[in-house]
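Q: I am new to this structure. Please take a close look at one strand and what surrounds it.

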Amino acid sequence: MALILVLIALGSVAFHLLSPWWWTPIASNWGTIDTTLVITFWITGIVFTGIVLFVAYCVYRFRHRPGQQAAYEPESRRLEGWLTAVTALGVAAMLAPGLIVWGQFVRVPADAREVEIVAQQWRWSFRLPGADGRLGAADIRHVADDNPLGLDPQDAAARDDVVIDGDDLHLPLGRPVKVLMRSLDVVHNFYVPEFRAKMDMIPGMVTYVWFTPTRTGTFEALCNEVCGVNHYAMRGRVVVDPEPAYRSWLDRQKTFAQFAGAAGPRRHVSAEP
Amino acid sequence: MADAHLGTADRLPGAIEEGELYHPRSWITRYVFSQDAKIIAIQYSSTALAIGLVALVLSWLIRLQLGFPGLVSFIGPSEYYQYITMHGMIMVVYLLTALFLGGFGNYLIPLMLGARDMVFPYVNMLSYWIYLLAVLVLVASFFVPGGPTGAGWTLYPPQAILAGTPGRDWGIVLMLVSLILFIIGFTMGGVNYVVTVLQARAPGMTLMRMPLTIWGIFTATVLALLAFPALFVGALMMLLDRLIGTSFFMPAIIEAGQRLRHGGGSPILFQHLFWFFGHPEVYIVALPAFGIVSDLISTHARKNIFGYRMMVWAIVAIGALSFVVWAHHMYVSGMNPYFGFFFATTTLIIAIPTAIKVYNWVLTLWRGDIHLTVPMLFAIGFIVTFLNGGLTGLFLGNVVVDVPLSDTMFVVAHFHMVMGVAPILVIFGGIYHWYPKVTGRMLDERLGKLHFWVTFLGAYLIFFPMHYLGLLGVPRRYFEIEGLSFVPASVSGLNAFISVVAFVVGAAQIAFLVNLVHSLRHGAPAGPNPWRATTLEWQTPETPPAHGNWGASLPVVYRWPYDYSVPGADRDFVPQNQPGLTRAGAPA
């Protein structure tokens, strides 16, 4: 027993150090999340190894032998006090950096550009602000064949918005983005492992998350909140471009006004009251 | 015999008046519609283990798909989602909760406290039969058109009741009805456990002389009585949304191009209700395990549990804190992100009393006289897996660290380790420990050791590497991960390995079942107290204990439950009902 416990402790550490499975190379500003995670690995790893080895020692050293009698020691205030204090210190050492980073996570930089992601079973659509630099109003009541995201046709700010339906999202390198999230049907979650940040998308409300892409490339996006039978197949892609490439991509995209015009006469989805 | 008359003799000052016990009149009322808590406990346990076998088979099917995708043709995405949903719900509610509270609770509360039975035996009987009905309704969902619900055990609306989710027509309705029944049945039992602990203890059994098993079960029951109502209303509201078109959890929705007749509801409200139940639920399962494992360690290390009073307060503190941490399941749910500061802090604070419990178990081993019996092996297995799962909880509880890990295989690995493997090891340890009292015979030790080693090492091999899949970014609840560009090919090898180990661990449970059945007739006779334990259930006049438990007169308690290896005593244990000197230093 004692030997196997030692093997478990050392084997777990060895697996941690040697296994090929580790996080994806980061592609956003959230390296601080990775740092907090590493701090947590250190503290918890030391505690785990220490306690399992201690148990192994006890099991070996105090195994039953004829004539042996256990010590009688109901409690020790001093020892319990010390252990509590050390534990509290360890917890604080993980919690404090965690909360500091969370403080950054919830405060969106003022210069972040807005991008919208809209989810429905089982695909993603995207919307970028038009020339006016802001996203117009949208509501599920406006959703129609030629208006998949339900933009408000009366809102001038919405008419110049760029709508991307059935294609990849592009983001400029090095610019903070605030991603606004909506869902038309059930709860989804937009998850790009390399960005670390993610958030659920809830029908009936708008959620948000922010990050700064720090590496160009094409990244896989997947749904990370169970959303029905094709949940596992709800995937998309995000392409991070240098600014010039991003600009030329953006210029090729259709605005809501063009999109609606190209789709022929407006037809409302049959709406029940 | 079973109709033992209740003693009126030897009443101590302050002792409660004994009431007349219910007496069974026929075989049916003795063994089927029994009001004896011991029979009800066996009924609860057998039913829970039976439905647990269904969950075990489902876990095999899940691992079959994950380890060897496409190998069998009958597992499609719909079936996969139905398997994971039913596996999760069965394990958490119908097995773990029912077995710890309905099984261990019913058997041990009266016996360990020196009571004749639960205080409301008739309601106690009803509790079991309603639980059985809930299980049958749940099982029925496998046989209705469309099959059981595939919404995930968390049942998040709107998807749980929309057409894109399997089992939308019948499965989800039966699931919600079954949960409602379960909660009704549980409440009947739960009220019983609480009142029995508070009112029916033997003379001298003060609260601070109760074994930690009882403290764990008692606190867990209080939590359950406070937490299950949240699930009850959540289930009822979702049932109304599904059946008569209300919109408690349903905002305006477009499904497959159609505007639904819903509007104005809040999906996130359900999540709050669910987790207001769901987090205390973790401790409803964990606290009885904490209590039982404390008694196993103390008995088999022949040493008092270290820091008894601290252990009691830790149980109570964890129980109280468990009601203010629920939203750590919702860090990326879209709730106001400022909640994160509060819930991360409360969640990490709960680590402190939990760590104290781990230290005290380990310090109980220190300078003990450790007998590596089968129950002790399971108890040590629990310490390792619980420690591992508890520490990974510090990742997920620390809001910002949770962001990349939430809904990945890291979470799956974490909660299986901490509230799957760890409590189940305690259940096994508890069964090996108390089976001799229940049946009068010992379980076979060699089969028990085989069962332990395969289960413990196998479970560790399954769930430890799984954390690293989550760290890599492999999401949970994926029917297949084919084609994910960031997942290296080596992952399929690891998945196949995990699956093979899971098949072996599952098969090892056959050794356990064979042992349970075979030892009933052929086990070595146990005698009244094979482990030389101090607590009252081992001091009954008959083994197995008769109806009424104590023969003519109730036991009288003179000491705390952990007088092992008391210096100067003639044996290395002093039963709680043995009069004599109390050692200085022992809690009164």
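A: Start with a pairing. Strand 1 (residues 113-120) of chain A runs parallel to strand 5 of chain A, and seven bridges join them. Strands here are DSSP runs (E, at least two residues), helices are runs of H or I with at least four, and both are numbered from the N terminus. Two strands pair if DSSP finds at least two bridges between them. Within this pair, Met181(A) in strand 5 of chain A lies opposite Ile117(A).

This is a predicted model: local features need pLDDT of at least 70, side-chain atom pairs count only at pLDDT 80 or more, and totals for chains, interfaces and linings use all residues. Residues are numbered from 1 along each chain as its sequence is written, while chains are lettered from A and ligands numbered from 1 in the order in which they are written.

Strand 5 of chain A has another partner. Strand 8 (residues 207-211) of chain A runs antiparallel to strand 5 of chain A, with five bridges. Here Lys178(A) has Trp210(A) of strand 8 of chain A as its bridge partner.

How enclosed is strand 5 of chain A? Strand 5 (residues 177-183) of chain A has six of its seven residues buried, so the rest of the structure largely encloses it. A residue is buried if 20 or more other C-beta atoms, placed from the backbone, lie within 10 Å of its own; 12 or fewer make it exposed, and values in between partly exposed.

Helix 13 of chain B is mostly covered too, with 28 of its 31 residues buried.
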